[in-house]
Amino acid sequence: MSDYIDLDALWKVLVASLLAGAGLAAVFSLSLVGLSSGRTAGRAGAALCLLVVAAGIVLGLYVMLAK
């Protein structure tokens with residue numbers, strides 16, 4: 001069965017998609033919590049989280065369009 005399916009590549013895709021999907025959603029939710037706190041530190045953390053989310057989106061687009 002492994003002659004037809006590259007299990008190593010499939011495993012890598014599964015881990016990357018889980019990290020990107022769940023991780024970016026978690027970071028985005030942290031940014032919303034930071035924004036709703038109303039404190040300066042919360043807003044700064046929210047901005048950092050939103051930058052991480054934006055970087056993840058740009059990286060995803062770059063990887064998809066490079067192939």
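**View 1. Gly-23 in helix H1 of the predicted model.** Gly-23 is a residue of helix H1 in this predicted model. Its relative accessible area is 29%, so Gly-23 is classed as partly exposed. Gly-23 and Gly-56 are 33 residues apart along the chain, and a distance of 9.7 Å separates their C-alpha atoms.

**View 2. Leu-24 and its contacts.** Leu-24, also assigned to helix H1, has a relative accessibility of 23% and therefore counts as partly exposed. With residues up to four places away in sequence left out, Leu-24 touches Leu-19, Val-52, Val-53, Gly-56 and Ile-57. The C-alpha atom of Leu-24 lies 9.1 Å from that of Cys-49, the two residues being 25 apart along the chain.

View 3. Not counting residues up to four places away in sequence, the contacts of Ser-31 are Ala-46, Cys-49 and Leu-50.

View 4. Helix H2 covers residues 40–66, 27 residues in total. From its first C-alpha to its last, H2 reaches 39 Å, close to the 39 Å expected at 1.5 Å a residue.

View 5. Helix H1 comprises residues 7–37. The 31 residues of H1 should span 45 Å at 1.5 Å a residue, and the 44 Å between its end C-alpha atoms agrees with that expectation. After H1 comes Gly-38, which has a positive phi, near 80 degrees.

**View 6. The salt bridge between Lys-12 and Asp-8.** The count of salt bridges in the model comes to one. This salt bridge joins Lys-12 to Asp-8, with 3.6 Å between the closest N and O atoms. As a general principle, side chains of opposite charge can pair when their charged atoms come close. Both Lys-12 and Asp-8 belong to helix H1, where they are four residues apart, about one turn of the helix. How accessible is Lys-12? Lys-12 has a relative accessible area of 53% and is therefore exposed. Asp-8, at 48% relative accessibility, counts as partly exposed.

**View 7. A nonpolar surface patch that includes Trp-11.** Trp-11, Leu-14, Val-15, Leu-18 and Leu-19 form a nonpolar patch on the surface. Together, these residues present about 530 Å² of accessible area. Trp-11 is situated in helix H1 and is exposed, because its relative accessible area is 55%, over the 50% limit for that class. Leu-19, another member of the patch, is one of the residues touched by Leu-24.

View 8. Ala-16 lies in helix H1 and has a relative accessible area of 44%, so Ala-16 is partly exposed. Between Ala-16 and Ala-41, which are 25 residues apart in sequence, the C-alpha to C-alpha distance is 30 Å. Gly-21 is likewise found in helix H1, and its relative accessibility of 43% means that Gly-21 counts as partly exposed. Gly-21 and Arg-39 are 18 residues apart in sequence, with 28 Å from C-alpha to C-alpha.

**View 9. The two spans annotated in the record.** Under "transmembrane region", an unreviewed UniProt entry lists residues 13–33 and 45–65. Residues 45–65 are 100% helix and 0% strand, with 30 Å between the end C-alpha atoms.

Conventions. Residues are numbered from 1 along each chain as its sequence is written. This is a predicted model: local features need pLDDT of at least 70, side-chain atom pairs count only at pLDDT 80 or more; totals for chains, interfaces and linings use all residues. Side-chain values use heavy atoms; hydrogens and water are left out. Patches are made of residues with over 30% relative accessible area and no salt bridge: like charges are joined within 9 Å, nonpolar side chains (Val, Leu, Ile, Met, Phe, Trp, Tyr) within 5 Å. Accessible areas come from the Shrake-Rupley method with a 1.4 Å probe; for residues, only the protein chains shown count as cover. A salt bridge is a side-chain nitrogen of Lys or Arg within 4 Å of a carboxyl oxygen of Asp or Glu. Helices (H or I, at least four residues) and strands (E, at least two) are DSSP runs, numbered from the N terminus. Buried means under 20% relative accessible area, exposed over 50%, partly exposed in between (1.4 Å probe, protein chains only). The expected span of a helix is 1.5 Å times one less than its number of residues. UniProt positions are given in the numbering used here, feature names are shortened, and annotations may be inferred rather than shown by experiment. Contact means heavy atoms within 4.5 Å.
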